[in-house]
Amino acid sequence: MSVLDDIIEGVKEDLQERKSAVNTLQLRDIVATQPPAKDAYAALGGADDPRSRLRVIAEVKRKSPSKGELADIGDPAVLAGRYEAGGAAVISVLTEQRRFGGSLEDLDAVRATVDTPLLRKDFTVDAYQVLEARAHGADLILLIVAALSDAQLAELMGLSHELGMNVLVEAHTVEEVERAAAAGARIIGVNVRNLKTLELDRSVFSPLAAAVPPGTLIVAESGVRDVGDVEQYAAQGANAILVGEALVKHNSPTESVEAFSRAGAAVIAQKTAEGATHD
């Protein structure tokens, strides 16, 4: 069994407990009381020139399967507020419990504090989780191609759009990028960490990003340690970066978000100037 399979098995077990406590009809009633979802696609540059600057998706992340405990986040809302102050375009909140130490309560706390669009980061394999995300104030959800059939991907994307949410579709291979594109994904995340083995390989980003259809927003996921990594991803076509560990372990997350944004913008400006010169 791969790491991804093991995580999903646990996710399904925990999901059954939540379904027993709140059924789908009750959950839809809660969704109906929520204000409209914020436009995360626009926040990531989709309604503007997506290459005008590099957007940062800043993540509330307590631990990970590959690194274990990352940070003692006593109040996720305080951390999210610091991300917002630094100019994060989207704030990601991990809600998977067993491997990442997250919860829907974290999502609730962050939603009550910030106006920035929120990504519910989890291993979504069931329509119930999509409804949960909207019921708890998420504007964007993650769907991992490796965890879903094409039919499941289409179903969950369709429900997300019905609820007004955007979808970040994550791929690890060229074949998965093609499946994401065929499903109509407007935001494709290229994760350089193989979720089946947890191995990290930044060199896979460039060829995978090149396989993403023009006009699709590209999010670089995993592997961001410092400004140098941000510059590399920006040079290779990223419209946004998703960063967790490097931010939660830093004493000044606001300044880190600002620094990553500046570094990416500088690379993009340079590439734009070079393109104009060649034209």
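How many aromatic pairs does the structure hold? In this predicted model, the structure holds two aromatic pairs. A pair of aromatic rings is described by the distance of the centres and the angle of the planes. The values for each pair are set out below.

| Pair | Centre to centre | Angle between planes | Class |
|---|---|---|---|
| Phe-100 and Phe-123 | 5.8 Å | 35° | tilted |
| Phe-205 and Tyr-233 | 4.9 Å | 65° | edge-to-face |

Phe-100 belongs to the loop between β4 (90–94) and α5 (104–111), and Phe-123 to the loop between β5 (118–121) and α6, so this pair ties together parts 23 residues apart in sequence. Both Phe-100 and Phe-123 are buried.

Planes over 60 degrees apart count as edge-to-face, and the rings of Phe-205 and Tyr-233 fall in that class because their planes lie at 65°. Phe-205 sits in helix α9 (residues 205–211) and Tyr-233 in helix α10 (residues 227–235), so the pair links distant parts of the chain, 28 residues apart. Phe-205 counts as buried, with 0% relative accessibility, and Tyr-233 is buried as well, with a relative accessible area of 1%.

The remaining topic is a helix packing. Helix α6 (residues 127–135) packs with helix α7 (residues 150–162) at an angle of about 25°, and their axes are 10 Å apart. The angle makes α6 roughly parallel to α7. Their crossing is right-handed. On the α6 side, Ala-127, Val-130 and Leu-131 make the contact; on the α7 side, Glu-155, Leu-156, Leu-159 and Ser-160 do. By class, the residues of this contact are five nonpolar, one polar and one charged.

Conventions: Residues numbered from 1 in each chain as written. Predicted model: local features only at pLDDT ≥ 70, side-chain atom pairs only at ≥ 80, totals over all residues. Heavy atoms only, no water. Axes fitted to C-alpha atoms, helices over the stretch in contact; angles between N-to-C directions. Helix = DSSP H or I, 4+ residues; strand = E, 2+ residues; numbered from the N terminus. Parallel < 35°, antiparallel > 145°, perpendicular 65-115°, else oblique. Left-handed = near helix turned anticlockwise from the far one by under 90°. Contact = heavy atoms within 4.5 Å. Nonpolar A, V, L, I, M, F, W, Y, C, P; charged D, E, K, R; others polar. Phe/Tyr/Trp six-rings, centres within 6.5 Å; stacked < 30°, edge-to-face > 60°. Buried < 20%, exposed > 50% of the residue type's maximum accessible area, 1.4 Å probe, protein only.
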